Structure formats: C-alpha cells, structure tokens
Amino acid sequence: MNDSPVSAGDELLAHPKVLLVDDDEVNLLLTSTALRERGFNITEVQSGEDAIEMLARWVPDVVVLDAMMPGLDGFETCRQLRSLPGLGALPVLMLTGLDDEASITRAYEAGATDFFVKSPQWSLLTGRLRHLLRSSRTRLELERSKSKLARAQDLARMGSFDWKRGHGGLHFSIEGLRVFGLGPDSVLTLRSTLRMIPPDDRHELLLVLHEILRQGSVLAIDVPITLHDNRHRIFHIEAEPEFNELGNVCGYTGVVQDVTDRRLAEDKIRHLANFDTLTGLPNRRQLLWRAERAVEFSRRIGHLMAMLLIDLDRFKMINDTLGHAAGDELLIEVSRRLRSCVRHCDHAMENSIEALGSHSHRTLEAVGRLGGDEFVALLPEVADEGDAERVANRILELMREPIFVGGQECFVTASVGIALYPRDGTSVADLVRNADVAMYFVKSEGRNDAALYHPQLSGVGKRRESLELESALHKALERNELVLHYQPKIDVRGARMVGAEALMRWQRNGVLVAPGDFIPLAEDTGLIIPMSEWAIREAARQSRIWRDNIGFTGSIAVNLPSRLFERIDLVEQIHKACALYGVPHNAIELEITETGLMKDLQHVIPSLHRLNEIGVEISIDDFGTGYSSLAYLTMLPISELKIDRSFVRDLGMTPQSSAVVTAIIALARSLGLRVIAEGVENLRQMDVLHRLGCGLMQGFLFSKALPPDDLEIWLQKTILPRKAAWIGEVGSGGVTGEEASVSEWRAARAKPLA
Amino acid sequence: MLNERLPHPRDSQPPSERPEGGAAEAPTADVLDHEALQRLRALDPTGSNHVMERVVKAFETSVGKLLPQLQSAMDAADVVSIRHVAHTLKSSSASIGAMKLSKMCVEIEAMILRGQDEGMGEKVAALAAEVPIVLVALQRMIDNNP
C-alpha cells in the first residue's frame with residue numbers, strides 16, 4: 001500500500017505523455033527535442049485552439065502551455081481546458097517569459113497547476129515536469145483510496161467520526177452519517193446522537209464515556225440505537241483519544257459501525273447451541289448449565305430448589321401410530337403447555353446472570369427438553385416440597401386436556417418425578433438421577449402422576465438399569481451376542497424328537513440374560529423385529545447342520561411377534577434364509593401367540609396364507625389363554641395348536657384343567673390340526689395328556705432348551721439309548737406305537753406340504 | 001538606452017552571465033553566444049538528429065513570418081502586435097544564442113509595457129537590421145560545424 005503506488009507511478013512516469021503548446025516554432029522545436037531526449041513523449045501543437053481540439057479526443061499526462069500566444073493565449077486555453085470533462089485534475093504547466101507576479105497569479109487563476117519561466121536550461125523544466133506528474137499521481141492515488149475507503153465503509157455500514165473537546169463537538173463523515181440513515185448534509189450533534197439511545201443504555205454509556213475520558217483510554221462499546229425511522233439497530237463504536245502538545249486528551253477519533261446483522265447471527269448461533277430447535281425450549285446443555293447456577297445460588301443463599309423430571313406416557317405409541325410429524329407436533333404443544341406452568345425465562349444465558357443482582361437466580365427458572373419426550377422443569381427457588389408438587393400437579397392438569405395432532409384428538413399424560421436441593425441431592429447429577437427414580441416409580445405405579453423422590457424408591461428405580469440394557473441390546477445383534485437354544489418337541493409314544501422350538505437367549509458379558517428380562521424390552525423398542533429376522537436365519541442355519549449331522553428333518557419353530565406378520569417381506573425373508581442354507585421352507589415353522597394373532601387378525605391373515613402356500617407351517621402358541629373366535633379358527637391356514645402351560649400345570653389336580661385340555665384336543669382333531677402340550681414337567685402330566693389323545697409334548701420332563709451342541713449330546717445320551725425315565729411309560733405298545741403316532745400326525749395335517 | 005534597460009535585467013536572463021555591454025560591441029563573429037550554442041549542441045551531441053540545422057531553419061521561418069508582421073504592425077501602430085513579435089522573438093533568439101537581438105526585443109517589450117512610444121521607430125528598425133546579421137552568423141556557424 002505504501003510502496004506500490006509510488007513504484008507504479010514511476011513506471012508510468014518513464015514516458016509521460018506531454019502536450020506541448022507554443023506558437024513559436026523555435027521554442028517548440030527546442031523544448032520538444034530537449035524533453036524527448038529526457039524520455040518524454042511529446043505531442044506538439046502551435047495554438048491554444050489546436051490544443052483544446054486535441055484535448056477533447058485525447059488526454060496527456062501533462063500539458064505545457066505557452067502563456068503568450070496569438071488567438072487563445074495560455075491563460076484562456078487553460079481556462080477552457082479545465083471546463084472539459086475529466087480534465088479538472090490534469091496537470092498544466094504554464095510557460096511564461098514574464099516572471100512578473102501578475103502573470104503567475106493569472107496562471108493560477110486560469111487553473112494552471114504550476115508555472116515555469118522559459119529557460120533554455122532544460123533539466124530545470126524536466127525536473128519541474130516530473131515533480132508535477134508525481135504529485136498528480138499521488139493525488140490520484142489518494143482520491144482512489146479515499147473513494148475505496150468510502151466504499152468499504154459503506155459496505156461495512158461503517159463511518160468515521162471525530163470529537164473535539166470544547167467547541168469542536170462531534171463530527172461525522174458522510175459515511176458515518178449514512179450509518180445513521182442520514183444524508184451527507186445532515187448535522188448530527190452529540191446530544192441528538194445520545195437521544196437515539198434508550199434511556200437506560202444512554203445512562204450507562206454516559207458513565208462509560210466519562211470514565212474513558214477521565215482515563216484517556218480507548219472506547220469500544222456496542223450501543224442499541226433507535227434510528228429516526230424507528231428501526232432498532234446495534235452500533236459498535238470504537239474510538240481512540242487524541243492528545244495535544246501537553247499530553248492532554250483533546251478529542252477522540254473513531255468509527256461507528258452497524259453490527260446488528262452480526263449480533264443477530266451471533267445470537268442465533270448462541271440460541272442454536274442452547275435451545276432445542278423443535279420446541280424452542282432450553283436444551284440439555286442450557287438446562288444443565290442453569291441447574292448448575294441454580295444449585296450455586298441455593299448453596300450460597302440457603303434456599304430450596306426443585307427439579308421436576310417430566311416424561312410423557314406412551315409417547316412412543318403416538319409416534320408409531322401417527323408418525324413422527326404428528327409426534328413432533330405433539331411435542332411442540334406439550335412444550336407450550338409446560339412453559340405456561342413456570343415463570344419461563346428465555347434470556348438467562350452465559351455471562352449475563354451475575355449482573356442481574358440478588359434475585360437473578362429467578363431468571364434461571366425454565367422448562368427444558370432433555371431429549372425425546374423427556375422434559376425438566378427447573379424451579380430455582382421453592383419454599384417447600386409443596387411448592388414443587390403444586391407445579392407438578394399443574395403440569396399433570398394441563399396435560400389431561402386433549403391435544404389435536406395429525407387431525408386427531410390425542411390424550412397424553414405425563415409422569416413427573418421431583419427432587420429437591422439439598423434434601424435429595426447436592427449436585428445436578430444427583431438431582432437428575434433421583435428425579436428420574438421418582439419418575440420411574442410413577443411409571444411403575446400406573447403413570448399419570450407425580451412423586452417426590454424418597455430413598456426407598458431407589459429399589460424400584462430399575463429404569464437406569466433398563467436403559468443400559470436397552471442400549472446394550474441394540475448392540476447385541478451386531479456383536480453376535482444373541483444365541484438360539486432349542487427345546488425338543490417330543491413324540492412320547494415313539495420317544496422321538498419330531499421338532500424343536502427355538503428360544504432366544506442373550507449371552508451378555510458371558511452371562512445368560514433371562515428372556516423375560518430382554519424380550520419385553522425388545523418388543524417395546526421395536527428391536528424385536530431385527531432380532532426375529534435374525535432368528536429365522538439362524539434357525540435355517542441350524543436346520544442345515546442337523547440335517548447333515550444327525551439326519552434331523554423336522555421343523556424348527558421360531559416365535560414371531562404378530563407385528564412381524566404384518567411385514568410384507570416376511571415370506572421373502574424366510575425364502576431367502578432357507579435358500580441360503582439349502583433347506584426346504586418347511587424346515588421353519590412359525591409360532592404366534594393366540595393373543596397376538598387375534599389382536600391383529602386382519603393384518604396377519606394374508607401373511608399366513610402366503611406362508612402356508614410356500615409350505616411354512618404356523619403354530620398357535622399359548623392356545624386357550626386368548627379369546628379365539630372359533631369361526632376364524634376354522635378359516636385360518638394353521639397347522640398346530642399349542643396347549644398353554646397353565647392348563648398343563650394343573651392337569652391331574654383340577655378337573656377343570658383336564659376339561660379345557662380335552663376340549664382343545666377335540667377342537668384340534670375336528671379341525672384337522674396337530675396338537676402339542678408345552679410345559680410338561682412330570683410323568684403324571686405326560687400320562688394324562690397321552691390318555692386324552694395328545695402325543696406331542698415339550699417340557700422340562702424331556703429337556704429344557706439347550707444350546708444346539710448340547711441338544712445333540714442329549715439325543716445321543718437319552719433318546720437313542722432310550723434311557724430316560726419317561727421312555728416306556730407310554731411306549732408299552734413298542735415300535736408300532738411310534739409308527740402309529742407318526743402316521744396319526746401325518747393324517748392330522750390340515751393341508752399337505754407344498 | 002542603457003538606463004532604460006537596467007530596471008529589467010532579469011528579462012534577459014540567459015546572457016546575464018556575460019558583461020552586458022560586451023554583446024553590443026562584439027564583432028559579427030561574436031553575434032552568437034557561445035554558451036547558448038553549447039547548450040543547443042548538447043541536445044544533439046553527435047549531430048545525427050540535425051537539431052542545429054532544424055533550429056536555424058525554424059528560426060529563419062519564424063523571422064520570415066515575424067518581420068512582415070512587425071512591419072505591418074508598425075504601419076498600423078498596433079502595439080499589441082508589436083509586443084507579441086518582440087516577445088516571441090525575444091525567447092527564440094535567446095534560445096539560439098542571439099543575445100543582442102534578444103535584448104533588443106526585451107527593450108521593445110519593456111517600452112510597450114511602460115507605454116513609451118518615443119524612440120520606438122528606431123528600436124524596431126535596429127531590430128530589423130540585426131536579424132540578417134544573426135541569420136548570416138547562424139549560417140556561418142552551421143557551415144563551420146557540420
């Protein structure tokens with residue numbers, strides 16, 4: 001910036017274009033010769049008229065004009081030249097032989113840049129011309145950089161100002177006035193500027209200004225301004241002191257810039273970092289920050305604070321049935337209601353809180369969204385637990401109002417857990433955890449209520465554990481932690497394994513997790529779907545192994561949730577799994593509970609038909625516990641009824657149980673369905689079942705569910721040597737009995753295999 | 001004459017280094033100022049641009065136009081035109097080293113500025129007489145310094 005214009009200027013000055021105007025041929029020749037020899041590029045004309053005509057078409061770097069000429073003399077030529085467009089700043093050197101004051105004055109008055117007394121000492125003329133060109137170049141650069149600066153300031157909505165102590169007052173540049181939305185001729189005094197600032201801020205600014213002036217320090221401050229058209233803007237003002245020769249501050253120079261857009265962007269960024277985009281409520285980060293501050297205040301001042309953890313009941317169901325858009329809509333409405341329950345303050349943010357004085361902790365009060373359908377109400381100061389309970393009850397009350405989402409009226413309830421500082425925890429983490437425990441207690445007690453934390457609730461508070469379990473279950477599949485165990489289906493007469501039920505087990509960190517501990521969770525979270533799909537593939541794989549190892553051709557039953565039957569790709573999945581391992585479709589049997597079947601009957605039936613068509617048999621699990629429509633039962637393409645273990649358990653102890661079992665067996669027989677009893681644990685149950693006409697059983701009497709390798713060992717050690725206590729009990733008929741049962745079974749098939 | 005000239009010594013700056021009376025009494029060969037000629041030659045040291053010849057030619061052309069103008073201006077008593085001729089001839093004659101001629105022009109111009117008519121006729125006649133002397137001297141100079 002400092003060097004370039006000068007060097008660029010010198011570059012241009014290497015061959016400056018000179019228009020030489022002189023009526024005397026001798027001087028014209030001599031001057032032009034001398035100047036040419038010194039590198040100037042000379043154009044000669046012999047009269048002022050010719051010069052003016054030429055300048056209308058062409059602009060030299062400098063004009064050298066003889067003052068005394070016939071016709072248009074130098075002065076008049078100069079005057080006319082100046083009025084030509086764009087030539088206002090063209091350097092003009094007037095040559096004069098008359099070095100009297102009058103000519104010099106006349107030359108300047110005519111607009112000449114400089115004068116030169118004619119002399120044959122050419123180096124003097126060259127020197128003068130070079131100086132003239134250089135200063136003209138510098139002036140041009142200055143003009144350019146000045147207009148560049150003005151433009152840059154304009155773009156940056158920035159302008160400069162200065163302030164002189166005493167009489168001078170405040171003065172804004174044109175750009176500075178424009179920042180205020182004022183024209184170049186406007187006058188903006190210090191007083192009228194201050195009037196554009198809201199009173200509180202004005203007062204604050206004046207205090208700052210006095211202090212800065214006293215210290216002679218630098219000013220840098222953001223000020224809210226209300227412009228004349230009532231627009232609200234934020235101006236950044238920065239100024240440096242100027243000192244007089246005595247070292248005292250005599251004024252300030254600085255810039256004023258409209259930083260409203262930048263501030264808005266900054267606010268937006270801060271907002272995004274601290275507020276939930278869906279509901280506009282403080283997010284987890286902001287909420288925990290507020291909670292930390294509230295705890296600090298409570299500790300210092302010694303009052304109680306409360307944290308309410310609010311979890312919507314059955315939100316997942318709404319999300320699943322009405323879709324995520326409706327779920328979002330619902331969350332927004334819930335947020336709106338929650339806000340109305342507390343003195344919600346949006347503005348408490350980092351750094352601003354301390355400045356607000358002794359009651360500033362009240363501004364921390366807020367409802368925030370922790371995530372999902374979980375909210376927190378932070379009450380920075382409560383008199384007692386009754387205060388907190390009142391807020392909780394207000395929340396429950398508001399939730400009970402129906403909410404319209406997705407064109408439907410929804411009823412949403414919430415469970416609220418309350419923890420108080422310091423009683424229920426002295427850190428934010430403790431408070432959140434204990435509010436969570438209390439909330440989970442409400443859930444377990446039937447939801448739609450609020451509860452204060454109490455240490456005894458902690459035993460109930462399995463929620464955290466189950467959350468961990470849930471996230472671990474997500475990973476169980478990819479980590480291959482799931483395994484299938486198999487319980488044999490036994491034809492007791494023939495003492496043969498005719499099939500097996502696959503039961504899912506979770507091998508978590510070397511420990512087997514009970515199905516009751518993770519299957520309901522899998523169903524709740526929807527993980528049951530991928531898990532079941534995996535089970536189908538795994539069963540097909542095992543079928544292949546057993547066909548190869550032990551010649552087992554029976555089917556392996558996989559339990560499926562009714563939801564999976566609704567999936568149109570179920571048939572395709574089974575086909576793929578069987579094809580992958582080269583086993584027939586009937587290697588896989590599917591079990592669906594009676595309850596599940598009846599619940600989703602309409603959606604399940606098409607699937608059942610398709611499955612039946614490709615040879616996959618369907619077994620109705622837990623039969624007798626649900627409310628089957630017998631009319632439907634006759635129409636369903638099913639192959640097997642499984643007598644629920646509850647009836648089997650009571651067999652031989654209550655006459656009712658055997659009556660139910662007798663009825664089921666009769667029903668199955670009349671519908672041409674196979675019947676199998678599960679949960680057979682002793683010989684008495686086995687005997688009764690057999691006598692009633694049910695020859696297929698599974699239960700601990702025969703074997704619990706075993707890993708596949710163990711099952712092979714069991715077959716080798718128990719079935720083949722016919723060593724078990726139950727063998728022979730009903731098999732007195734010998735080998736023929738086995739054949740009979742098999743043929744009986746075959747005959748009992750409702751439909752032939754595809 | 002000398003008294004009239006003295007108040008304006010700076011008008012004839014180029015020859016001011018020499019004693020003022022010297023040029024007037026100088027023989028014809030000294031009609032042209034040596035230093036002025038040196039400066040002219042310095043413009044074209046090798047002579048390849050024929051600056052000298054062109055300057056002399058330009059001077060001849062110039063006086064060829066100026067002398068008739070001067071004559072008709074005298075006839076019409078047009079002092080403005082007389083002054084213009086004197087002014088132009090003043091600087092061009094100084095440039096080619098014709099200092100006596102240049103001084104004559106200075107005197108005429110000064111008289112006009114003062115509004116003095118007396119003796120103007122002789123002055124102009126003297127100037128007209130000096131011009132051929134200068135032209136001859138110039139031609140001789142060129143012939144001697146090709």
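Predicted model: local features only at pLDDT ≥ 70, side-chain atom pairs only at ≥ 80, totals over all residues.
**Chain A as a whole**

Chain A contains 28 helices and 26 strands. Of its 754 residues, 49% are buried. Among the contacts in chain A with a separation of 6 or more, 64% are between residues 24 or more positions apart. The accessible surface of the chain comes to about 36600 Å², and carbon and sulfur atoms account for 53% of that area.

One open sheet in chain A is built from 5 strands in the order 7-6-10-9-8, with antiparallel pairing. Strand 7 (169-172) and strand 8 (219-226) of chain A are its edge strands, each pairing on one side only. On average, neighbouring strands of this sheet are turned by 25° against each other, direction ignored.

Two helices of chain A pack on this sheet. Helix 9 (residues 199-215) touches strand 6 (158-164), strand 8 and strand 10 (249-258) of chain A, and its direction makes about 155° with that of strand 8. Helix 10 (residues 260-274) touches strand 8, strand 9 and strand 10 of chain A, and makes about 115° with the direction of strand 9.

Running antiparallel, it is joined to strand 8 of chain A by 8 bridges. Two residue pairs let you find this pairing: A:Val223 has A:Phe235 as its bridge partner in strand 9, and A:Leu219 has A:Ala239. Strand 9 is also joined to strand 10 of chain A, again antiparallel, by 9 bridges. Here A:Glu238 has A:Val255 of strand 10 as its bridge partner.

**The mixed sheet**

Another open sheet of 5 strands in chain A has the order 12-13-11-16-17, and its pairing is mixed. Strand 12 (366-371) and strand 17 (450-452) of chain A stand at the edges with a single partner strand each, so one side of each has no neighbour in the sheet. The twist from one strand to the next averages 20°.

Within this sheet, strand 11 (residues 304-312) and strand 16 (residues 414-421) of chain A run antiparallel and are joined by 8 bridges. A:Ala306 stands opposite A:Leu420 of strand 16 in chain A. Helix 14 (residues 385-400) of chain A lies across strand 11, strand 13 (374-382), strand 16 and strand 17, running at about 165° to strand 16.

**A parallel pair**

Strand 1 (residues 17-21) of chain A is largely enclosed by the rest of the structure, because 4 of its 5 residues are buried. Strand 1 pairs with strand 2 (residues 41-45) of chain A in the parallel sense, over 5 bridges.

| Strand pair (chain A) | Sense | Bridges |
|---|---|---|
| Strand 1 and strand 2 | parallel | 5 bridges |
| Strand 8 and strand 9 | antiparallel | 8 bridges |
| Strand 9 and strand 10 | antiparallel | 9 bridges |
| Strand 11 and strand 16 | antiparallel | 8 bridges |

**Nonpolar cores**

The largest nonpolar core has 87 residues, and A:Phe565, A:Leu590, A:Ile643, A:Leu689 and A:Trp726 have the most contacts inside it. Helix 18 (residues 528-550) of chain A gives the most to this core, with 9 residues. Leaving aside residues up to four places away in sequence, A:Phe565 touches several residues, including A:Leu590, A:Ile592, A:His603 and A:Ile618. Another core, of 41 residues, lies apart from it, and includes A:Leu29, B:Ile82, B:Ala98 and B:Leu127.

**A buried arginine**

The side chain of A:Arg674 makes a polar contact with the side chain of A:Glu617, at 3.1 Å.

Methods: Residues numbered from 1 in each chain as written. Chains lettered and ligands numbered in written order. Heavy atoms only, no water. Buried < 20%, exposed > 50% of the residue type's maximum accessible area, 1.4 Å probe, protein only. Contact = heavy atoms within 4.5 Å. Areas by Shrake-Rupley, 256 points an atom, 1.4 Å probe, with all protein chains shown as cover. Pairing = 2+ DSSP bridges. Axes fitted to C-alpha atoms, helices over the stretch in contact; angles between N-to-C directions. Polar contact = N/O pair within 3.5 Å; in protein donor to acceptor, adjacent residues only side chain to side chain. Core = buried A, V, L, I, M, F, W, Y, C linked by side-chain atoms within 4.5 Å.
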